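Please look through the following briefing with the sequence and the structure side by side.

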Amino acid sequence: MSRTIHFTLNGKPVAAEIAPHQNLVEVLQQRFDLFGARESCAQGLCGCCTVLVDGSAVSGCLFLAAFADGSAVVTIEHLAAGGKLDPIQQAFIECGAFQCGFCTPGFVLMAGQLIGAHPDPDEDQIRHYLAGNLCRCAAYPEIIEAVKLAARNMRKGVE
Amino acid sequence: MATKTIGSGQVGRSVGRLEGAAKVTGRAEYVHNLRLPGMLYGKIVRSTVSHGRIRAIDTDAARALAGVHRVVTIADIRTVVPEPFYGPAFHDQPILAVDKVHYVGEPVAVVLAADPHIAEAAAQLVVADYEELPAVYDEVEAMTSAAIVHDVLKPAGTFPDLKHLQGRQNTNVALDFHLRRGDVARGFAQADHVFEHTFRTQQVLHLPLEPFVSVAEAGDGRLTIHTASQSPSFVRIEIARLLGWPENRVRVKVPYLGGGFGAKLYIKLEALVAALALLVRRPVKISLTMEEQFYTLTKHASTFRIKSGIKGGKITARQCEVWWNGGAYADIGPRITQKSGFTAPGPYDIENVQIDSYSLYTNLTPAGALRGFGIPQLVWAYESHTDMMARALELDPVAFRRDNLLREGRPQATGTPMKDAAIEAVLDRLATRMNWGKAFDRGTGTIRRGRGIAIGFKASISPTTSIAIVNVAADGSVTLYCSTVDMGQGSDTANAQLVAEVLDIKAESVTVVHPDTDVTPYDMATLGSRSMFHMGNAVKLAAQDARDKLAALARELGLPEGTNVPVAELFQKKYKMQAGNIIGVGSYIPAYAPPDHDTGQTPNATPFWMVGAAGVEVEVDTETGHVRVTRLVNVADVGRAVNPRIVETQLSGAAIMQLGFTMHEKIEFDGGQIVNASLADYKIPSILDIPPDIHSEVVEAEQHSGPFGAKGVGESGTFGVSPAIANAIDDAVGIRLTSLPLTAETLYRALRVAQNDPLEE
């Protein structure tokens, strides 16, 4: 039943033996000790399990690990791999854009995709882009502020 | 929020969260991450009926599934825990169902397997057979219902006000609290106007995004429990009691929590994983799914009948009858009934008060504390009622409230004089921020606008104890040991600020050790906004003790008083090398006097009062009943804000959570079965639900008995939100809603009734 898949994980080629029913979050946790993507609602509605596959954010709880075969997978752990926080992570800290932190990796990854698509997002764009990520502590006003700050800092960095 | 520091500049500064980098990189430690060698995963088999006698549990098919380690029922549990009943107020809740099930979703068996998927598949194969019994679901019906949830009541024995319930039969009342002040009958007789209304609230869910999770490992006569718990000290004591062990053989460790909100208190999965680990001699982990959270703990639904007499614009008499739907197990419901019950008349100065507050058992998921400990249910009723009276009497809602407020030094309904409760300042600031005195555009056509305010207060639960240890190492670096759980509220950071303020160091340099009952001392629990005050006082005392011991060391070394010799040099001089520690200890329990059983009167009901108010502006679409909250202002008295940024986030986070409970969240039951137990069907606020204009602030205040003037903040943002919105809807369209949630359908139906054109059911 099990099969071996090959993919790049945070820039490095890896292989994993997986069962057909296993989702990507389980495989990241069990085979690679990566816990930043977390299963919460198990329905792809909360965004806690967000992982980037070939550059696009997916709900890792609904994404079968088998589908990751041959793809490039990036997790939250990749962002500060060099020991330096990414501008979005930095902005989340500066704006106090989290409380318990359980949903934060998903928001950070999704905010990255948002700023990639809209380097100067207005509040409406931010709200609609992040509508699939839930924060029960409701640090939403601070998250909006953090995304704006990160986008500003990233534009400055590019200029 | 402006930064306003004191003394060393640590208190009043918006220090970034100590764990910020760990959280944004996904590396923060949660129990969820924990795996141990040889660990088994447990999957709970749950009751399918709301009240029934268990005839048989057939586990054969589950046991036969390849990969299943064991299928466990209460008979197995009893071989390691003979009396398997727990609970903070009543010892009514079994580790697995004993003889009877009391609600749909109650645990009746557990399957253990090394592969969680196998445990889950096998759990589906367990079949329990029930003889169904009559059930009761409504809190008011439960008062007189023929269906009795528990055959015999079993108070835990630790609370004197529950002793009279010991052994009682044929009742669903798990606590009756009564308060009598003055003479309400006379007050009503002499009043110009008497108003009576009934309000209801619904069951809602805490829904932390990290669902309940616990791991237990046993060995060498000891037991270690890793758990997402807000009450590690309680867990240790209760598990030790269940096992008949001394406390020091039970170790409870708690890393960060992915949210708590009152759900992760007392015993949830801990007794079950403890018993399983002892039974199978392997580590056992149980992680609930989102769905299973709906079968673990909810917020009390409530019915509140409130009656007030008004004479010359003053509230002269108020009668409150409150029924709390506690579900199948008491959990902390009886404490809510009393500790929150006595604030049911609201923050008003009323001569004649009568309160009757009842905690009821029903055949639903147990209810417990949820961010406010019953207060939001009460404020919903008394602040809707207050507005309805003001409107009927054609009085301005702010002025009517201001004329009746409880002022400093005046006795609250318990007789306890108010102290350090900035009720008037909060109301005034809110009115200013809402531009209350200015004209307001109420809209035209199909979009009507309205505004509303509400103010509530809460007494901190008492008496409770906190203990802290501050450890100064030989290089002068400082570590704080305390059992306060940082579930997102920022307690690690705030406590570090208190230590730093006393020792005149940077808060960022303090290490905070997370709860580990082998290491960190006792704390009652992280609940009810008590930590900043109780643990804060203990932490401050511990830091002062360390500072005094450092000064004594300097004296011993012959240094002059007030020397500025660095701490590291003191140790060097004393021990001739980098060695030694200074240990400071702080222990805090406030004064308290229990209420009289018959009258509820006491000279000291609480160590501090919390005050929170909300103001909203809404737009109502009269063609759909849709309500859009366009503005939400929260004002609170938190004493001195230790960390202004975190205080602001706590206030707005609490208000947004309450916005969900007000506008759409509701657990839907059908004959005791929950029909919307998932995030797909139970919606919590998303970023799209945030009002475009949201603002939170604190008033200048000081809690004189608090650490550096501080007190709790975690719940204050919830108090006023629900009634403020209902009041604003009434202001916009003249429709009064008295049951939560305030859905578009409910409002639209009411609008059609008002137009004499009701919709069909």
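**Where the chains meet**

The contact between the chains takes 41 residues from chain A and 43 residues from chain B, where two residues are in contact if their C-beta atoms, placed from the backbone, lie within 7 Å. This is a predicted model, in which local features need pLDDT of at least 70, side-chain atom pairs count only at pLDDT 80 or more, and totals for chains, interfaces and linings use all residues. Residues are numbered from 1 along each chain as its sequence is written, while chains are lettered from A and ligands numbered from 1 in the order in which they are written.

**The side of chain A that touches chain B**

- Two or more residues each are given to this side by α2 (87-94), α3 (104-117) and α5 (140-158) of chain A; helices (H or I, at least four residues) and strands (E, at least two) are DSSP runs, numbered from the N terminus.
- The largest share, four residues, comes from α5(A).
- By class, the side of chain A that touches chain B divides into 27 nonpolar, nine polar and five charged residues, where Ala, Val, Leu, Ile, Met, Phe, Trp, Tyr, Cys and Pro count as nonpolar, Asp, Glu, Lys and Arg as charged, and the others, Gly among them, as polar.

**Domains of chain A**

- Chain A is divided into domain 1 (3-77) and domain 2 (87-158), with bounds that come from an automatic or database domain assignment.
- The C-alpha centres of domain 1 and domain 2 of chain A lie 22 Å apart.

**Confidence**

- Chain B averages a pLDDT of 96, and 100% of the residues score at least 70, pLDDT being the predictor's confidence in each residue, from 0 to 100.
- The predictor gives the complex an ipTM of 0.98 and a pTM of 0.97.
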